Amino acid sequence: LRNDRLTLDRNKNYWNPAKGGHLDKIIFRFIPDNVSAFQALRAGQLDFCPQLTPEQYHEDYATLPDEFKANHVKSSWFTPMFNYFGWNLNNPKFQDRRVRIALALLFDKEDFLKKKLYNEGAIVSGSQYIFGTAYDHSVAPIGYAPDVARELLSDAGWIDSDNDGFLDKGGEKFEIGIQLPQGNKVALERVELFQKSLKTVGIDLQVRSLEWASFIENVRSKKFDVVTLSWASNVEADPFQIWHSSGAKPEARGSNAISFANEKADLLIEQIRLTLDEPKRLELHRAFHRLLDAEQPYMFLYCVKDFGIYNQKYRGVKWYKLRPGYDLTEWYVGAE
């Protein structure tokens with residue numbers, strides 16, 4: 001182990017030869033950003049780079065020399081995850097379900113996925129993995145419908161009473177802030193598009209980019225209005241960590257940062273944990289999915305692909321729809 005890399009040597013005496021691997025040595029390099037990783041790949045310092053951005057995969061790849069392209073393979077694969085906007089439910093503005101639904105109707109997920117993410121993903125309607133058995137495919141994602149959003153906001157009492165271009169209620173302007181970590185180009189583009197869409201209906205969204213340590217501290221301490229993040233999970237995820245009301249308390253610094261608390265949700269979550277019969281457990285998951293869709297504590301966005309390039313000298317390369325998407329113990333060089 002060095003500061004910038006970790007070297008693993010194959011254990012020739014591993015108890016399970018079928019999973020003992022073929023490569024004698026694997027070196028993992030720790031590279032601080034995607035740009036540096038792509039440069040290292042181009043310079044021949046990496047045999048496999050599994051964390052390219054969509055832009056690098058689709059645009060920057062075209063700038064690589066023909067010799068490089070002849071010796072490398074592009075690949076993309078899904079893993080269990082989803083992106084979202086989360087509403088801090090301690091904020092009175094978000095406690096009206098109509099407002100949360102209206103906000104979800106004000107982001108054109110399909111257009112963003114197509115134009116900014118090269119259509120390399122799947123729009124989701126819940127927190128389970130879209131390619132897993134616990135996901136309820138009967139629940140369609142909320143679409144883009146600004147006119148419906150305006151009606152819902154008006155029904156909830158948010159109107160432009162003073163004709164200043166912004167909604168207000170009880171003398172309070174509909175102004176909210178969103179926090180996101182610095183350096184994430186896709187997240188910033190997502191937020192800027194959302195900001196423009198909200199402005200068209202009279203909502204002022206203030207954007208604040210923070211260094212990661214400050215950002216995550218604010219999330220954990222529930223000091224935000226809106227947050228945008230991604231969540232990685234298992235193929236069948238235990239919803240307790242994100243959604244159980246025990247994490248909604250002000251002193252709780254866990255993953256229920258939005259302070260979601262719902263008695264029916266708690267009951268389903270607890271039953272899921274205790275139900276060993278798979279068909280019954282999956283039906284509980286789907287019931288929970290439908291509850292989330294009704295309540296809209298998050299605006300669920302999409303599950304996007306991972307992107308990578310590897311040297312074609314490797315054989316036995318397969319891609320799996322589970323994390324990390326590949327199994328290096330299957331890879332080998334030359335004839336096998």
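Mentor: What follows starts at the sheet and then moves on to rings, cores, salt bridges and backbone. Keep in mind that this is a predicted model.

Start with the sheet. Three strands make it up, in the order S3-S14-S4, and the sheet is open. The pairing is antiparallel. In general, strands of a sheet pair through backbone hydrogen bonds, either parallel or antiparallel. The edges here are S3 (48–49) and S4 (72–77), each of which pairs on one side only. S14 covers residues 306–311, and six bridges join S14 to S4.

Now look at Lys-74. Lys-74 lies over the face of Tyr-57, at 4.3 Å from the ring centre. Lys-74 also lies over the face of Tyr-61, here at 4.6 Å from the ring centre.

Next, the rings. Ring pairs link a cluster of Phe-48, Trp-77, Tyr-310, Tyr-314, Trp-319, Tyr-326 and Trp-331. Take one pair from it. The centres of Tyr-326 and Trp-331 are 6.4 Å apart and the planes stand at 55°, so this pair is tilted. Edge-to-face would need over 60 degrees, and stacked would need under 30. The cut-off for buried is under 20%. Trp-331 is buried too, at 2%.

Staying with this stretch of chain, check Pro-324. The peptide bond from Arg-323 to Pro-324 is cis, with omega near 5°. Pro-324 sits in the loop between S15 (314–315) and S16 (332–333). Most residues other than glycine have a negative phi, and most peptide bonds are trans.

Tyr-118 is not a glycine, yet its phi is positive, about 55°. Tyr-118 belongs to the loop between helix H5 (109–116) and strand S6 (121–123). Its relative accessibility is 26%, so Tyr-118 counts as partly exposed. Lys-222 also has a positive phi, about 65°, without being a glycine. The loop that holds Lys-222 runs between helix H8 (212–220) and S11. Lys-222 is buried, at a relative accessible area of 9%.

Back to aromatic pairs. The structure holds 34 of them. One of these is Tyr-129 with Phe-131, an edge-to-face pair at 5.6 Å centre to centre and 75° between the planes. Tyr-129 is buried, at 1% relative accessibility. Phe-131 is partly exposed, at 37%.

Now the cores. In soluble globular proteins, nonpolar side chains tend to be buried together. The largest nonpolar core here has 69 residues. Which members touch the most others? They are Phe-85, Trp-87, Leu-153, Phe-194, Ile-203 and Trp-243. Follow Leu-153. Setting aside residues up to four places away in sequence, Leu-153 touches Val-99, Ala-102, Trp-158, Leu-167, Phe-174, Val-201 and Ile-203. Another core lies apart from the largest one and has 13 residues, among them Phe-38, Cys-49, Phe-307 and Ile-309.

Last, the salt bridges. The structure holds 19. Asp-4 and Arg-5 form one, with N to O at 3.1 Å. Asp-4 is partly exposed at 26%, and Arg-5 is partly exposed at 23%. Asp-96 pairs with Arg-98, with the closest N and O atoms 2.8 Å apart. Arg-98 is partly exposed, at 33% relative accessibility. Asp-238 and Arg-273 form another salt bridge, its closest N and O atoms being 2.8 Å apart. What does that pair tie together? Asp-238 is in the loop between strand S11 (226–232) and helix H9 (240–243), and Arg-273 is in helix H10 (263–274), so the pair ties together parts that are 35 residues apart in sequence. Asp-238 is partly exposed, at 36%. Arg-273 is partly exposed as well, at 48%. Elsewhere, salt bridges with shared partners join Asp-136, Glu-283 and Arg-290 into one network.

Technical notes:
Residues are numbered from 1 along each chain as its sequence is written. This is a predicted model: local features need pLDDT of at least 70, side-chain atom pairs count only at pLDDT 80 or more; totals for chains, interfaces and linings use all residues. Side-chain values use heavy atoms; hydrogens and water are left out. Two strands pair if DSSP finds at least two bridges between them. Helices (H or I, at least four residues) and strands (E, at least two) are DSSP runs, numbered from the N terminus. A salt bridge is a side-chain nitrogen of Lys or Arg within 4 Å of a carboxyl oxygen of Asp or Glu. Buried means under 20% relative accessible area, exposed over 50%, partly exposed in between (1.4 Å probe, protein chains only). A nonpolar core is a set of buried Ala, Val, Leu, Ile, Met, Phe, Trp, Tyr and Cys residues joined through side-chain atoms within 4.5 Å. Contact means heavy atoms within 4.5 Å. Rings of Phe, Tyr and Trp (its six-membered ring) pair if their centres lie within 6.5 Å; planes under 30 degrees apart count as stacked, over 60 as edge-to-face and the rest as tilted. A charge sits over a ring if NZ of Lys or CZ of Arg is within 6 Å of the ring centre and within 35 degrees of the ring normal.
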